[in-house]
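This briefing concerns a structure and the way its parts pack together. Please view the sequence and the model alongside the notes below.

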Amino acid sequence: MKPNELVGLLFLARDVAHSTHLNTRSYAKHVALQEFYESIVDLAAKFAEAYQGYHGLIGPISVPAARKTTNIVEFLQGQVEEIESGRYKVCDRDNTPIQNIIDEIVGHYYASLYKLRFLA
C-alpha cells in the first residue's frame, strides 16, 4: 500500500460511512457512523500532512470503488485489516511519528466497530 492509496481508502470509508449513516433506522448506529466519518477525514489529513512533511508529496489521491456490501461492520473490518497489513509498506516501522498516526487511525476504526457491534 502506498501513502496516497491509504488516504484514498480513508476517503472511501468516509463516503460509505456517511451514506450508511443517512440510511440507517438505528439512532445508535447513526451517531456512531457520524462520529466515524467526521473524524476519519481529519485523521487522513493528519497522516498526509505529516507524511509529506517527512517524505515529500504523496501524489494524486484517488478514491477506490466501494465493494458491494450491505454490512458496514464487515466493510470497516475489512478496511482496518487492509490498513494493518499494509502499514509497513506505507512507511518503515522505525518511522514512529507516522506509524503513530496510523495507530490512531486503526484505533478509531476499532472504537467505531465496538460501538457498531455492541451499542447499535
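The model is predicted. Its largest nonpolar core has 36 residues, and H1, H2, H3 and H4 each supply at least two residues of this core.

**The nonpolar core**

- Within the core of 36 residues, those with the most contacts are Phe-47, Ile-83, Ile-105 and Tyr-109.
- Helix H2 makes the greatest contribution to this core, giving ten residues.
- Setting aside neighbours within four places in sequence, Ile-83 is in contact with Met-1, Leu-6, Leu-9, Leu-10, Ile-102, Ile-105, Val-106 and Tyr-109.
- Two of these partners, Ile-105 and Tyr-109, are also listed with Ile-83 among the core residues with the most contacts.

**Helix H4**

- Helix H4 covers residues 96-119, which is 24 residues in total. From its first C-alpha to its last it reaches 33 Å, close to the 34 Å expected at 1.5 Å a residue.
- The buried residues of H4 are Ile-98, Gln-99, Ile-101, Ile-102, Ile-105, Val-106, His-108, Tyr-109, Ser-112, Leu-113 and Leu-116.
- The cover over these buried residues includes helix H1 (3-23), helix H2 (27-55) and helix H3 (72-90).
- Ser-112, a residue of H4, has a relative accessible area of 4% and is therefore buried. Its side chain reaches the backbone oxygen of His-108 at 3.0 Å.
- Tyr-110 is also placed in helix H4, but it is partly exposed, with a relative accessible area of 32%.
- Leaving aside neighbours within four places in sequence, Tyr-110 is in contact with Gln-77, Val-80 and Glu-84. The side chains of Tyr-110 and Glu-84 are joined by a polar contact of 2.8 Å.
- Tyr-110 and Gln-77 are 33 residues apart in sequence, while their C-alpha atoms are 8.2 Å apart in space.

**Helix H1**

- Helix H1 has 21 residues and reaches 31 Å between its first and last C-alpha atoms, close to the 30 Å expected at 1.5 Å a residue.
- Among the buried residues of H1 are Leu-6, Val-7, Leu-9, Leu-10, Leu-12, Val-16 and His-21.
- The buried residues of H1 pack against H2, H3 and H4.
- Asn-4 lies in helix H1 and, at 17% relative accessibility, counts as buried.
- Not counting residues up to four places away in sequence, Asn-4 touches Ile-58, Gly-59, Pro-60 and Ile-61. The side chain of Asn-4 reaches the backbone oxygen of Pro-60 at 2.9 Å.
- Asp-15 also belongs to helix H1 and is partly exposed, with a relative accessible area of 36%.
- A polar contact of 2.6 Å joins the side chains of Asp-15 and Arg-14.
- Asp-15 and Val-63 are 48 residues apart along the chain, and their C-alpha atoms are separated by 9.5 Å.

**Aromatic pairs and a charge over a ring**

- The structure holds three aromatic pairs, and two of them are described here.
- Phe-36 and Tyr-109 form an edge-to-face pair, at 5.1 Å centre to centre and with 75 degrees between the planes.
- Because Phe-36 lies in helix H2 and Tyr-109 in helix H4, this pair ties together parts that are 73 residues apart in sequence.
- Phe-36 counts as buried at 0% relative accessibility, and Tyr-109 is buried with a relative accessible area of 0%.
- The rings of Tyr-114 and Phe-118 have their centres 6.0 Å apart and their planes at 40 degrees, so this pair is tilted.
- Tyr-114 and Phe-118 both lie in helix H4, four residues apart, about one turn of the helix. An α-helix has 3.6 residues a turn, so residues three or four places apart point the same way.
- Tyr-114 counts as partly exposed at 44% relative accessibility, whereas Phe-118 counts as exposed at 63%.
- Arg-93 lies over the face of Tyr-88, at 3.9 Å from the ring centre.

Key:
Residues are numbered from 1 along each chain as its sequence is written. This is a predicted model: local features need pLDDT of at least 70, side-chain atom pairs count only at pLDDT 80 or more; totals for chains, interfaces and linings use all residues. Side-chain values use heavy atoms; hydrogens and water are left out. The expected span of a helix is 1.5 Å times one less than its number of residues. Buried means under 20% relative accessible area, exposed over 50%, partly exposed in between (1.4 Å probe, protein chains only). Contact means heavy atoms within 4.5 Å. Rings of Phe, Tyr and Trp (its six-membered ring) pair if their centres lie within 6.5 Å; planes under 30 degrees apart count as stacked, over 60 as edge-to-face and the rest as tilted. A charge sits over a ring if NZ of Lys or CZ of Arg is within 6 Å of the ring centre and within 35 degrees of the ring normal. A polar contact is a pair of N or O atoms within 3.5 Å; within protein, one must be able to donate a hydrogen and the other to accept it, and residues adjacent in sequence count only if both atoms are side-chain atoms. A nonpolar core is a set of buried Ala, Val, Leu, Ile, Met, Phe, Trp, Tyr and Cys residues joined through side-chain atoms within 4.5 Å.
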